[in-house]
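Here are some exercises for getting to know a structure by working through it piece by piece. Try each task yourself before you read the solution.

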Amino acid sequence: MQAKRPAVPPSVLRRSLWVFLMLVAGIGVLVACQRLVEDEGEVQTQPVASPEEGGAVSSAPMAEETVAAEPPPPAPEPEPAVDWSPRELAAGQAWLSCSLDYREGDGEPLPSLDREVLRERMEACRAGDVVRVRYVGKVASDLTVLVQRVTLMAEELGLGHRVLDLDSTGGQVEDAIRAGDWIGNHHWTLWVREDSVCHSACVFVLAGGDSRVLAGRVGIHRIIRLSSTATSRHELNTELQAVYGTVRAYLERNGASPLLADVMKTVPNRSLRLLTQEELAAYGLDGNNAAQDDLDRVRLLAKCGDDFMQRRDRWVRAFEERCRAEREVFARNACGLELRRGLGFPDDECPAESPLAEFNAVEPTLGAAADATAGGDDPAGAEPVPGADVAAKGSPDVDGTAGGG
């Protein structure tokens, strides 16, 4: 007679089952890690000459007691009074133009930011109701002063639209945040052309724009604490937590994703991670500003009506689908202008609120130039614009900190 095997105690069965489940979970983690490594292989990076040259640099003094726990989001600084004392650009160069067709040039250089110089240069922009400022250089206090003074002069002259045409490898995080908050409060459109870059701290400026049209390279890396007194990783991390807390709060109030700050932490400051079009959209840095859209929606519904909002939403979706693939800022704008004609924009009742309203006064000239360049082809393609059948009115880091590449 065969002897009976002793029964396995329930406790042993439970332990065996637990070990089996842990092995399965471990295998799952390894597979996930492998996928992550494969995905990371697709990330574009490039070396930088020196992270201090531009970059995302932080040098602001820290509070005497810095807590390791993340502080509550700080409120934005009150909007400063703008004084008109003599000021020249030291960190970059600027040009001022009344034309949105940058293929014709960037206008006259600004020798200074004095009130009378700006008034004289901007007077001619009244006809087109738009001024374009081309800025090439570091993100520093100069950039904040530039956008402040151009804004005030535009308001004095009754210019409804302004475009900041950027080319910057980065600079001071705090100055980028000040410039971005001002831009966000005064309705600027931002461009990064195909011949330009926006790296490191410059990325924070993008977050402030009402609309962003990006064809050039946009890159990020870690923030550098140039004024740090840290002697250990723990001390440096404590300082940086305060800086990144300020950055997250800034990104959130301007409709961008605070996750961008966490991604920046993972990129060594001597490298530069180039963001893809999909990442730029996911982080809220390209196209229409989500925070401004939310702010405007109730006002526009009351002023322009439900039909206007539906057509505007259709334009946004069509622009995302059909124009973002264009590799030049001019081509994206031309594509968007063609789309808006099919949806009845500029709207008769709300022209200033229509998509690409900065082109309202110059669109016929620009359209002719686009047709000549394309040999008469439709820049937006031959297919009808989605929703065109309902149109009733006609046919684009540093905290004390440095950021750059």
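The exercises below go from the sheet to the helices and then to single residues.

Before starting, note that this is a predicted model, where local features need pLDDT of at least 70, side-chain atom pairs count only at pLDDT 80 or more, and totals for chains, interfaces and linings use all residues. Residues are numbered from 1 along each chain as its sequence is written, and side-chain values use heavy atoms, with hydrogens and water left out.

**Exercise 1. Find the strand order of the open sheet, and say which strands stand at its edges.**

Step 1: Helices (H or I, at least four residues) and strands (E, at least two) are DSSP runs, numbered from the N terminus. Two strands pair if DSSP finds at least two bridges between them.

Step 2: look at the ends. Strand 4 (108-109) and strand 13 (287-288) each have a single partner strand, so one side of each has no neighbour in the sheet.

**Exercise 2. Work out how strand 5 pairs with strand 3 and with strand 6.**

Step 1: take strand 3 (residues 92-97) and strand 5 (residues 130-137). They pair in the antiparallel sense, over six bridges. Leucine 96 has valine 133 of strand 5 as its bridge partner.

Step 2: see what covers this part. Helix 2 (residues 115-122) packs on the sheet and touches strand 3, strand 4 and strand 5, and its direction makes about 40° with that of strand 3. Contact here means heavy atoms within 4.5 Å.

Step 3: move to strand 6. Strand 5 and strand 6 run parallel and are joined by seven bridges. Valine 130 sits opposite histidine 161 in strand 6.

**Exercise 3. Is strand 6 buried or exposed, and which way do its residues point?**

Step 1: Buried means under 20% relative accessible area, exposed over 50%, and partly exposed in between (1.4 Å probe, protein chains only).

Step 2: count. In strand 6 (residues 161-167), seven of the seven residues are buried, so the strand is largely enclosed by the rest of the structure.

Step 3: sort the side chains. In a regular strand they alternate between the two faces of the sheet. Here His161, Val163, Asp165 and Asp167 point one way, while Arg162, Leu164 and Leu166 point the other way.

**Exercise 4. Describe how helix 3 packs against helix 4 and against helix 2.**

Step 1: Two packed helices are described by the angle between their axes and the distance between the axes. Axes are lines fitted to C-alpha atoms, for helices over the stretch in contact, and angles run from 0 to 180 degrees between N-to-C directions.

Step 2: Helix 3 (residues 141-157) and helix 4 (residues 173-185) pack at about 15°, with axes 8 Å apart. The two are therefore roughly parallel to each other.

Step 3: list the contact. Among the residues making it are Val147 and Thr151 of helix 3, and Ala179 and Trp182 of helix 4.

Step 4: Helix 2 and helix 3 pack at about 55°, their axes 10 Å apart. That makes helix 2 oblique to helix 3. The residues in this contact include Leu118 and Met122 of helix 2, and Val150 and Met153 of helix 3.

**Exercise 5. Which residues does threonine 151 contact beyond its neighbours within four places in sequence?**

Step 1: With a relative accessible area of 0%, threonine 151 is buried.

Step 2: name the partners. Leaving out those sequence neighbours, threonine 151 touches Arg162, Trp182, His186 and Trp188.

**Exercise 6. Where is proline 346, and what kind of peptide bond joins phenylalanine 345 to it?**

Step 1: locate proline 346 in the loop between helix 11 (329-342) and helix 12 (363-373).

Step 2: check omega. At about 0°, the bond between phenylalanine 345 and proline 346 is cis.

Step 3: follow phenylalanine 345 to a partner. Phenylalanine 308, in helix 10 (residues 306-322), has phenylalanine 345 among its contacts. Phenylalanine 308 counts as buried at 1% relative accessibility.

Terms used: Angles under 35 degrees count as roughly parallel, over 145 as roughly antiparallel, 65 to 115 as roughly perpendicular and the rest as oblique.
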